[in-house]
Amino acid sequence: MRKNITFHLYLFLFVFMSGVQSFAQSNYKVQSYKYTDGLPSDNILSIDKKDGFLYVGTQRGLSLFDGYRFLNQKFLTEPISSLFLKNNVQYLSSGSRGICSLSNFYNQPKVITKVNFNDDNTNNDHYDNLFIDSKNRIWCSDQNNLKFFSSNGNKNWKIDESGNLSENKLRFFQVENEVWAATPKGVFIWNEKLKTLQKHSNPVLAKNAFVSGFSVSENEIFLTSFSGEIFLFEPQKGKISLLKSIQKFPLYLVKSFSGNDNFLLIYNKNEIYKYDKKLNKSELIFSSKNEIKTVFYDKETRIIWAGTNRGLQKIISNVESIENIHFSRKDNQTITTITEDKNRNLWMTNNTSEIYCLKMDKNIEVFHSVSPKTVFTNVFIDDKIFISASDGVYIVQNNQIKKVISLPFPVKKIIKDDKNQLWILSSKNGIKVFDSNTLKENKNAIQNSESYWKTNTSNDISVAKDGTIWLASWMPKDYGISFFDEKQHVFKEINSLKSFKNESKFITDYYNRITLTKNKNILFSGYGGWNLVSPKGEILRSFFTSEYKIANDHIEGIAEDSHGNIWFACAEGLYQYNFATDKAIRIFQLDGLENNDLTFGFYKFNDNRIAVAVDSGIQMLNLDKIVKTQLINELKLTSVKKDNVEIPVTSNEFNFDYNFTELDFNFSALSFSDNEKIVYRYRFSDEKKWNYLGTTPKLSLIKLPPSNYEIIIEAGDNLGNWQQKQLKINLKINPPFYLTFWFIGMMILLLIFVGYLIFRYLLNQEKEKSKLKQTIKDVEMQTLRSQMNPHFLFNSLNSINSFIVQQKSKEASTYLTTFSKLMRNILDNSRHETINLEKEIETLKMYLKLETARLDHCFDYQIIIDKDIDTEFVQIPPLIIQPFVENAIWHGLVNKKENGFLKIEVSEIQESMLNIKITDNGIGREASALLKKEQIKHKSYGIEITRQRIEILNPKNQILITDLDDGNGNKGTLVELNIMYYD
C-alpha cells in the first residue's frame, strides 16, 4: 500500500532573534532593522555601499551600518531620496540641500546643486533618481524634467507636462557610451553628437511606460515596465521581446544585481523575485505587507537589502549549504534510519508502521505495513530492498511490502556478507543468518552462547571491505567492539587481541554505530567519543569528547568525508574533526540546522553530503559549503568614542591627550552575516597572547597610561577560521607637560646637580666619621688582643713549668705539643675578626686538655653542640668562650675538695643568635671572693676584656652570670653568652 505526496524543498529559516522573519517554502532568511535598532527612521528611501559599509538613506537622514550598529550622519537629518557611488565618492539627493557629495561619512556634505524653495519653479525643489555617467555628469529627474549637471554646464528636458514625474521611480543607465533613461513616458537616449536627449527610435520603447533597465551586454538590454512586464531588447537585431509579466504593478530591476549573467533581481512594491533568464522562470524570495521602496544587492556578501516604509530588511540565501525536506510522518515521529538505493532514492523509517521513499522527482512514496502493529526499524538495499521490522524481515516487491522471514523478536538491522548471507541483528536475541536467495536459516553459523547475547546489547552490525563482520554493542562487563572469528564461529572482543594493547584506548563500553573509511578502517561511535579501528582489530585513534570540549557525549551517526575528516552527530549538533589540525568544529542551529539533537537518522552520500533527521523531516548538508567561512577578509574601524563622545574616523591613527577615562573602538568584519558566527580578538603589538572579545566587535580601553600603542585586531568565525586581514590601530596618548621628556629631562638634570652637591657634603662627613670610628675600633681591638695573648701565654707556660719541675718529661712533651698547637691556633685566629664555631671549639678543647693535664684531672668537662648548628659556617669572634671557661676552672673548680665538673652547651635561641652556657659545680663566686682576699692579689683581665669585646662587636650581645645553689651545699656558677653570629 502506498500514496504519493508532492512536497517542496526549501531552506529552513532559523529564527535566532526577534527581528527575524520566516516565510513558508523560502530559501532565504530575513532579519529586520528598525528605528529601535538605531536607524534615524523606519522609512528607508535609498541604499548603497561604500568602503564595505552600508549607506542607508532614510526619511530623517543618512545612516552608516557595519552589521552591528547604525551610525547616523550628524549633518544630514533630512530625507535622503537617492544615493549613487562614483569614484569612491558618495553622491546623494538631500531633501533640504539638493545634490551633495560625501567623501567621508563624518565630513560636512559638499553641496553641488542647491534646492530653491523661494522661487515659483517647483522643479528646483527636486533632484531624484541620481546617476553619474562615464563623463561625470550628474543625471537626475524632477517633477517634469530629466536633467544633468556638469562642469561644462547644465541641461534639462521636459518630458512630463503633468508634473507627476517625481512621484514615480525611473532609471538612468549606461549602454556603452550612451546614457539611457527608462521613464513612464518611454525610453530616452542622450545623443552625444547632438548634445540632446531624444526618445528611442523603437516605437515599443518610445511609447511604453518603463521604470527601470540596465545593459548586460552591448546587445542585451533588460527593461521593466510600469505594468509589471520584463522586456529584452537586442539593439543589433532591433528586436524587443516580452519575457514575463509579474502582476500589474511597476516592476524594478535591481541595478547592483547586473553582474550575474543567469539571473535578474526584480521587485515591486510588496515582493522581490529572482528571475532565471535561461529558464524564463521567476522565484519569489521575499514578500511583505509593507511597501518596498528600494532594493540593493551586495555582490561581495550575496546579501539582498530591501528598504521598506517599516524598516530595513536583510535577506540571506542559505540554499548552497543546506537543503530542507519537510514532509508529514506518522505521529510526527523523527526519522531514525536513512538509506540510498542505486537510483538515488532515499528510504527512511521512523519506528512506525510506515516507510518513506524520497524519489528523484521530488515526490515521496509512503509504504504501510499490513498490520498496524508492525513497526519498521531499518532498510537494507542490495539487489532487493529488505526491511527490518518488529516481527521479522520484509521486502519491497512490485511496490508492495511483503513479509519473507518471521521472527519472534524485533529486528534492528540487516546486512549481507560476501557469501550471499543475510545477517539479521536484534538487540538482545543474538544474530540470525539466512541465505539471501533461499531465505533458509544457517543455524550453526554463530556459536556464541545465549547468555552472551542476553548480557550484552547489540546496536549495529557492518561488513568490512575484507569481508569481516563487525559488531557494536553495549557490554557492561567488557568493551563493545567485536568481530566475527570465522574459524571458531564466534564474535570476539578486540581487547582479546593482546598484541595490540587496546585496553587503554577504548572510549567507552557502549558503542552505537559503525561506518567504514576509504582506507578500509572502521569507525565506532559511542558514549564519550569514537574509535578508529584497523581491519586487524588495532585501535588506531581514540577521540574523547572531554578532550575536545564536545557539547554532548552521546555520539551516534559518524562518517568520513572525501577529505579524510570525520563527521559525527550528537545531541548538541554536528561536528567535523580534522586530523591535520587536530581540532573539532561544531555545526548547529546558528549554521542553519533546524535543531541540535541529531541522534536519529544519519546518512553519508558519495558526493560529500550528509542527510540528518530533524523535527520536520530531513536536512541535506553540503559538507564543503557548510564549513566555508562567511568572512570576506575585511576588517575596518567603524567609530571611536572618547568618554562617550564620537570622534571622527579619518584613518586608523589617533593622537589624544591624557585627560580621558575610557576609549571605545567599534569595528566590524563587514560580512553582514549572523553576528553570532563572527568572533574577535585583539592584542598589543608587544604582546604574544590574544585577548578574546567574543562576538562583540568593541574594544574598550580604560585609563591607558601615556605612551605609543599599536593594537592588532583579528576576526574569525565559529568554525575556527581566522581571516588573514588584520585591523591595526596606532594610538598615541600624550602625557601632561610634567611627564614629557623635555620636562623630565630638565628635572633629572636639576636633581642630579642638587644630589651631587648633597652627596659631596655627606660623603665628606661620612669619611670623617668613618676614619674616626675605624681608628677607635682598631685601637680598642689591638689593645684587647694584646691583653688576651699574654694572659693565655702566662698561664700556659706556668703549666709547662710545673711539669718540668715535677720531672714529668713525657707529660711535659705532650703538654708542650698541645701547647704549640694551641698557640698556633691563637695566633692564627687573632688575625681574623671572626672565625667559625668549629675552630673556636677546637681551640677550646686544646685549652681544656692542657688545663686538666696540668691540674691532675681534678675536674671533668663536657662540650655539647646543638645538632642543628652547622659549626663550619657559623661565624663568631675568636677566643670568646675561653676566658669564661678559664675563670670557672681557676675560681670555682680548682678550690673544690672533690672532683669538679664543667659543662659547655652551645645552642641557637633565635635566628642568628647563639646561646653559650658555661656551667661549673665549683665553690661559687661568694667563696671564691673570700679566697681571693687571702691569696696574692692578681687582676684577671680576661672577663673584662671579653665583655668589652662583645659589647663593641654588637650591642645585642649579652653576658648573664647566675649563682647556683640547690640548698644542700652544692654550689656553682652559670655563665650565659648570647652572641650574634654570621653565616
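Biologist: Which residues of helix α6 are called buried?

Modeller: In this predicted model, the buried residues of α6 are L837, E840, I841, T843, L844, M846, Y847, L848, L850, E851, T852 and R854. The word buried requires a relative accessible area under 20%. One of the residues listed, L848, also belongs to a nonpolar core of 40 residues, which includes V885, I904 and I943 as well.

Biologist: How do you know that the 26 Å between the end C-alpha atoms of α6 agrees with its 18 residues?

Modeller: The expected span is 1.5 Å times one less than the number of residues. For α6, residues 837–854, this gives 26 Å, and the end C-alpha atoms are 26 Å apart, so the two values agree. Just after the helix, D856 takes a positive phi of about 60°.

Biologist: Why does S82 count as buried?

Modeller: The limit for buried is under 20% relative accessible area. S82 has 7%, so S82 counts as buried. This residue is placed in strand β8, residues 80–86. Beyond its neighbours within four places in sequence, S82 is in contact with S46, Y91, L92, S93, N129 and L130.

Biologist: What makes the approach of S82 to the backbone nitrogen of L130 a polar contact?

Modeller: A polar atom of the S82 side chain lies 2.9 Å from that nitrogen. The cut-off for a pair of N or O atoms is 3.5 Å, and the 2.9 Å separation between S82 and L130 falls within it.

Biologist: Why is P648 called partly exposed?

Modeller: Partly exposed lies between the 20% limit for buried and the 50% limit for exposed. P648 has a relative accessible area of 45%, so it is partly exposed. Its place is in the loop between β59 (645–647) and β60 (653–657). Leaving aside neighbours within four places in sequence, P648 is in contact with Y106 and F654.

Biologist: What makes β40 and β41 a pair of strands?

Modeller: Four bridges join β40 (residues 413–416) to β41 (residues 421–425) in the antiparallel sense, and the requirement is at least two. K413 stands opposite L425 in β41. The two strands form a hairpin with four residues between them, and N420 in the turn has a positive phi of about 65°.

Biologist: Which residues have the most contacts inside the largest nonpolar core?

Modeller: They are W305, L312, F665, I711 and L731, in a core of 56 residues.

Notes:
Residues are numbered from 1 along each chain as its sequence is written. This is a predicted model: local features need pLDDT of at least 70, side-chain atom pairs count only at pLDDT 80 or more; totals for chains, interfaces and linings use all residues. Side-chain values use heavy atoms; hydrogens and water are left out. A nonpolar core is a set of buried Ala, Val, Leu, Ile, Met, Phe, Trp, Tyr and Cys residues joined through side-chain atoms within 4.5 Å. Buried means under 20% relative accessible area, exposed over 50%, partly exposed in between (1.4 Å probe, protein chains only). Contact means heavy atoms within 4.5 Å. A polar contact is a pair of N or O atoms within 3.5 Å; within protein, one must be able to donate a hydrogen and the other to accept it, and residues adjacent in sequence count only if both atoms are side-chain atoms.
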